[in-house]
Amino acid sequence: MKTPLSTNRLNISFGGLKLKNPTALASGILGYSAESLQRIVEGGAGAVVTKSVGATPRTGYANPTVVQAKCGLINAIGLPNPGIDEYAEEIGYAKTVLTVPLIVSVFGYSADEYALVAKKAVKAGADAVELNVSCPHVTQTGSEIGQNPKLLAEVVAKVKASVQKPVIVKLSPNVTDIVEMAKVAAKAGADVLTAINTVKAMAINVETALPVLSNVKGGLSGPAIKPIALRCVYDIYEKVKTPVIGCGGITDWRDAVEFFLAGASAVQIGTAIALKNYSVFKDINRGVDAYLKKKGFGSVKEIVGLSHLS
Amino acid sequence: MSVYLTSANTLRTTRILSVKTESPTVKTFTVKDKFCAKAKPGQFLMLWIPRVDEIPLSILNAGAGKVSVAVKAVGEATKALHGMKSGDTIGVRGPFGNSFTENRGGILMVGGGTGTAPLLFLAKKLAAKAERLSFVIGAKTKNELLFLNELDALCSEQSAIATTEDGSYGMKCLATEPLEKLLDEEKFDMIYTCGPEPMVRKVFELAEQRRIALEASLERLMRCGIGLCGSCVIGKYRVCRDGPVFNAAQLSEVKDELGISKLGFDGGRIPV
């Protein structure tokens with residue numbers, strides 16, 4: 001008999017979030033429409049994060065926006081979104097169909113804009129917001145905020161003051177020391193940290209001597225960045241008390257367990273959907289549950305940070 | 001469910017082997033590519049026009065190490081492609097998506113504009129296997145009726161029925177008009193359709209009323225081509241990964257959008 005999708009062992013609560021299982025859809029993947037998100041939930045996700053939404057519509061970049069690398073994908077889609085006012089309707093509808101927490105990813109070009117979008121998202125029904133301060137390929141937002149401690153603190157504090165729901169801060173690996181940024185976000189009031197967003201990268205076509213992406217540079221995701229993301233989670237867990245969601249290249253249950261052992265309370269999955277389709281969530285949950293059972297653990301919470309020696 | 005292969009998604013640069021003018025606005029481009037040469041009817045590829053764009057295109061023909069696509073000059077990318085000649089370098093990834101199922105009974109194909117391309121590819125595969133093949137194709141004007149001679153050669157009995165909106169060739173009407181009569185007169189086991197979405201919707205409705213199995217190939221704005229970015233969703237389906245070929249049961253789940261709306265570049269809903 002197959003292990004059921006959600007056992008008590010997989011339940012986990014942290015930072016004001018209550019999840020039936022510790023897997024979530026990462027931002028930027030599908031996640032425009034309620035129906036797409038619903039299919040992710042049917043695939044077994046314990047939470048979903050929408051694509052990033054801003055104050056006004058954005059069309060994103062021209063193709064090519066995605067290029068295959070040897071062990072991952074490089075993308076520079078460019079944060080296309082219809083703007084929070086139109087998207088609020090979809091959030092409201094999504095809330096009526098989804099049975100898991102709906103986390104809305106927000107971005108802005110100023111602290112006030114982040115706060116405004118977050119406020120509208122929560123009013124529309126978001127269970128939490130995740131601040132995209134780490135997109136590596138759009139100027140004046142994303143990682144340009146997440147790489148600047150002063151701006152990062154200002155954005156997090158302003159959003160915290162504007163909404164009553166958990167505020168998740170998605171950190172960039174494209175910094176000298178991610179732990180410093182994690183501390184800044186935590187001190188400014190972040191309830192949860194997501195580590196990491198994509199690693200800034202590019203691809204050049206040798207035949208034409210041209211960068212492939214229309215935006216030249218993009219962000220690398222997938223198996224190639226898993227060890228980097230794992231190290232980031234491990235380092236943050238050592239120095240910061242705020243719960244962490246691990247993200248970056250997680251493809252199977254072993255990857256997920258590694259992240260829990262490093263200190264993640266949950267994991268986000270994105271690129272692996274291309275490799276394994278929607279059921280990647282169920283597969284990972286079954287594997288994690290079987291691991292916990294085999295090792296004699298009563299809850300995933302018991303293995304969070306277990307690899308830290310001290 | 002289509003399988004995602006990182007090798008097929010890796011961008012290959014290749015040279016254009018030949019360019020054939022099909023109509024005043026449509027040209028067929030053939031390139032060498034071992035992955036796409038194995039494509040099945042209904043699948044598509046992503047074509048990179050260096051410095052310009054990357055666009056999804058239905059496959060017109062594949063085999064012997066080569067793949068062909070029929071392209072109508074409509075926007076910046078397709079116009080730039082029309083300016084290219086054999087020997088020029090382009091990029092390819094794919095093939096992507098599912099393919100038409102191969103029915104061997106009485107078959108009707110309904111194509112509009114360049115939507116006829118994947119149907120011709122399918123027809124060539126089915127010609128020797130199917131019990132009977134019939135075609136209805138439509139275009140705005142005579143010059144734009146694509147692949148009429150090729151289709152005629154594949155027809156079982158009567159020749160392909162052609163319609164033009166301006167009456168310059170065949171019947172002066174939309175491709176969907178002669179359908180009802182044809183469906184009254186003959187029994188079909190399967191309808192395959194591809195073309196402008198209002199036409200696809202009408203064909204779907206007629207097939208549904210008469211309980212005839214149907215498969216339609218749909219088109220949407222695409223970015224990743226591998227089921228991640230969400231640009232091409234219709235209802236709960238991703239056209240690039242769950243499609244582009246959908247059967248009648250799936251189409252009836254997306255009736256609110258079929259022939260009506262799609263997502264634009266900003267993810268907001270716009271008319272088809």
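Predicted model: local features only at pLDDT ≥ 70, side-chain atom pairs only at ≥ 80, totals over all residues.
Residues are numbered from 1 along each chain as its sequence is written, and chains are lettered from A and ligands numbered from 1 in the order in which they are written.

Me: How many helices and strands are there in chain A?
Reply: Let's start with what gets counted: helices (H or I, at least four residues) and strands (E, at least two) are DSSP runs, numbered from the N terminus. On that basis, chain A has 10 helices and 16 strands.

Me: What radius of gyration does chain A have?
Reply: This value is taken over C-alpha atoms, and the globule rule to set beside it is 2.2 Å times the number of residues to the power 0.38. Along its principal axes, the C-alpha trace of chain A spans about 50 × 50 × 40 Å. A compact globule of 310 residues would have a radius near 19 Å, and chain A agrees with that at 18 Å.

Me: Buried residues make up what percentage of chain A?
Reply: A residue is buried if 20 or more other C-beta atoms lie within 10 Å of its own, exposed if 12 or fewer, and partly exposed in between, with C-beta atoms placed from the backbone. Of the 310 residues in chain A, the buried share is 61%.

Me: At what angle do H1 and H2 of chain A pack?
Reply: Two packed helices are described by the angle between their axes and the distance between the axes. Axes are lines fitted to C-alpha atoms, for helices over the stretch in contact, and angles run from 0 to 180 degrees between N-to-C directions. H1(A) covers residues 34-42 and H2(A) covers residues 84-97; their axes are 9 Å apart, and the angle is about 35°.

Me: Which hand does the crossing of H1(A) and H2(A) have?
Reply: A crossing is left-handed if the near helix is turned anticlockwise from the far one by less than a right angle, and right-handed if clockwise. For H1(A) and H2(A), the crossing is right-handed.

Me: Which residues of H1(A) and H2(A) make the contact?
Reply: Two residues are in contact if their C-beta atoms, placed from the backbone, lie within 7 Å. H1(A) brings A:Ala34, A:Leu37 and A:Gln38, and H2(A) brings A:Glu90, A:Tyr93, A:Ala94 and A:Val97.

Me: Are H2(A) and H3(A) roughly parallel or roughly antiparallel?
Reply: Angles under 35 degrees count as roughly parallel, over 145 as roughly antiparallel, 65 to 115 as roughly perpendicular and the rest as oblique. The axes of H2(A) and H3(A), the latter at residues 111-124, come within 8 Å and cross at roughly 30°. The two helices are therefore roughly parallel.

Me: How many nonpolar residues does the contact of H2(A) with H3(A) have?
Reply: H2(A) and H3(A) touch through A:Ile84, A:Ala88, A:Ile91 and A:Gly92 on one side and A:Val117, A:Lys120, A:Ala121 and A:Ala124 on the other. Ala, Val, Leu, Ile, Met, Phe, Trp, Tyr, Cys and Pro count as nonpolar, Asp, Glu, Lys and Arg as charged, and the others, Gly among them, as polar. Besides one polar and one charged residue, the nonpolar count is six.

Me: Is A:Tyr291 buried or partly exposed?
Reply: A:Tyr291 lies in H10(A), residues 280-295. Leaving aside neighbours within four places in sequence, A:Tyr291 is in contact with A:Trp253 and A:Val257. With 18 C-beta neighbours inside 10 Å, A:Tyr291 counts as partly exposed.

Me: Which element gives the most to the side of chain B that touches chain A?
Reply: Across this interface, 30 residues of chain B are in contact with 36 residues of chain A. Two or more residues each come from H1 (6-9), E4 (53-58) and E7 (89-96) of chain B. With three residues, the element that gives the most is E4(B).

Me: How many residues of H3(B) are buried?
Reply: H3(B) runs over residues 116-126 and is mostly covered. Among its buried residues are B:Thr116, B:Phe121 and B:Leu126. Out of 11 residues, the buried number is nine.

Me: What separates the C-alpha atoms of B:Ala62 and B:Cys36?
Reply: B:Ala62 lies in E5(B), residues 61-63, and is buried, with 23 other C-beta atoms within 10 Å. B:Cys36 is among the residues that B:Ala62 touches. Although they are 26 residues apart along the chain, the separation of their C-alpha atoms is 6.8 Å.
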